[in-house]
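Subject: Structure handover and findings

Dear colleague,

Please find below the structure that I am handing over to you. My findings follow it.

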Amino acid sequence: MQEQPDHALTPGLTARVELTVTDADTAQAVGSGDVPVLGTPRVLALAEAATVAATARHLSAGSTTVGIRVELDHRAPTPVGRTVAAQARLTTVDRRRLVFEVTVTEDGQTVAEGRVERVVVDRHRFVQRAGAAS
């Protein structure tokens, strides 16, 4: 049986999530560098959180999305104590494949931008397959 796309998922869906940078979010803390500013892995996690939020209420019961591809340009440092916001906009729905444009800003300035692709999966089957692989 083939998985069917969620018809409530249409281009234009958006979501915005925020993060106030703490010491735990820095490149030093996450192991992606040795400077005390927002680490790229945390920028990526925030961008993905925005994509998840954009579709969460529009998925059918038992479905979820998983990331499959990311292109992200991290352009500016953000110090501890500042707040960044990630905005995701669903631009393409191709069967189960979803493409989002993401922008992360701090006080109106672009910190990062890029594209995130996710795919709609059956949550139960996905977790079962992941468990079987270990």
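In which strand is Glu117 found? Glu117 is found in strand β5; helices (H or I, at least four residues) and strands (E, at least two) are DSSP runs, numbered from the N terminus.

Basis of the model

This is a predicted model, in which local features need pLDDT of at least 70 and side-chain atom pairs count only at pLDDT 80 or more, while totals for chains, interfaces and linings use all residues. Residues are numbered from 1 along each chain as its sequence is written, and side-chain values use heavy atoms, with hydrogens and water left out. The mean pLDDT of the protein is 94, and 93% of its residues reach 70 or more; pLDDT is the predictor's confidence in each residue, from 0 to 100. Over residues 1-5 pLDDT stays under 50, and the model has eight contacts beyond four places in sequence for this stretch. Contact means heavy atoms within 4.5 Å.

The sheet and its helix

Five strands form an open sheet in the order β1-β3-β4-β5-β2, with antiparallel pairing. Its edge strands are β1 and β2 (63-74), each of which pairs on one side only. On average, neighbouring strands of this sheet are turned by 25° against each other, direction ignored. Helix α2 (residues 40-55) packs on the sheet and touches β1, β2, β3, β4 and β5. The direction of helix α2 makes about 145° with that of β1; axes are lines fitted to C-alpha atoms, for helices over the stretch in contact, and angles run from 0 to 180 degrees between N-to-C directions.

Two strands are taken to pair if DSSP finds at least two bridges between them. Strands β1 and β3 run antiparallel and are joined by seven bridges, with Ala88 in β3 as the bridge partner of Ala15. The antiparallel pairing of β3 and β4 extends over nine bridges, and there Gln87 has Thr103 in β4 as its bridge partner.

Strand β1 (residues 14-20) has a covered face made of Ala15, Val17 and Leu19. Thr14, Arg16, Glu18 and Thr20 make up its uncovered face. In a regular strand the side chains alternate between the two faces of the sheet.

Glu117 and Gly67

Glu117 counts as buried because its relative accessible area is 7%; buried means under 20%, exposed over 50%, and partly exposed in between (1.4 Å probe, protein chains only). Leaving out residues up to four places away in sequence, Glu117 touches Val66, Gly67, Ile68, Arg69, Arg97, Leu98 and Val99.

Gly67 lies in strand β2 and is listed by UniProt, in an unreviewed entry, under "binding site". UniProt positions are given in the numbering used here, feature names are shortened, and annotations may be inferred rather than shown by experiment. With a relative accessible area of 43%, Gly67 is partly exposed. Apart from neighbours within four places in sequence, Gly67 is in contact with Glu48, Glu117 and Arg118.

The annotated domain

The unreviewed UniProt entry also lists residues 21-123 for "domain: Fluoroacetyl-CoA-specific thioesterase-like". This span is 20% helix and 47% strand, and its end C-alpha atoms lie 31 Å apart.

Arg95 is placed in the loop between β3 (83-94) and β4. Although Arg95 is not a glycine, its phi is positive, at about 60°. Arg95 counts as exposed because its relative accessibility is 60%.

Asp107 lies in the loop between β4 (97-106) and β5 (109-122). Its phi is near 55°, a positive value in a residue other than glycine. Is Asp107 buried or exposed? At 74% relative accessibility, Asp107 counts as exposed. Asp107 and Thr83 are 24 residues apart in sequence, and their C-alpha atoms are 7.8 Å apart in space.

Ala130 lies in helix α3 (residues 123-133) and, at 42% relative accessibility, counts as partly exposed. Between Ala130 and Ala112 the separation is 18 residues in sequence and 31 Å in space, C-alpha to C-alpha.

Yours sincerely
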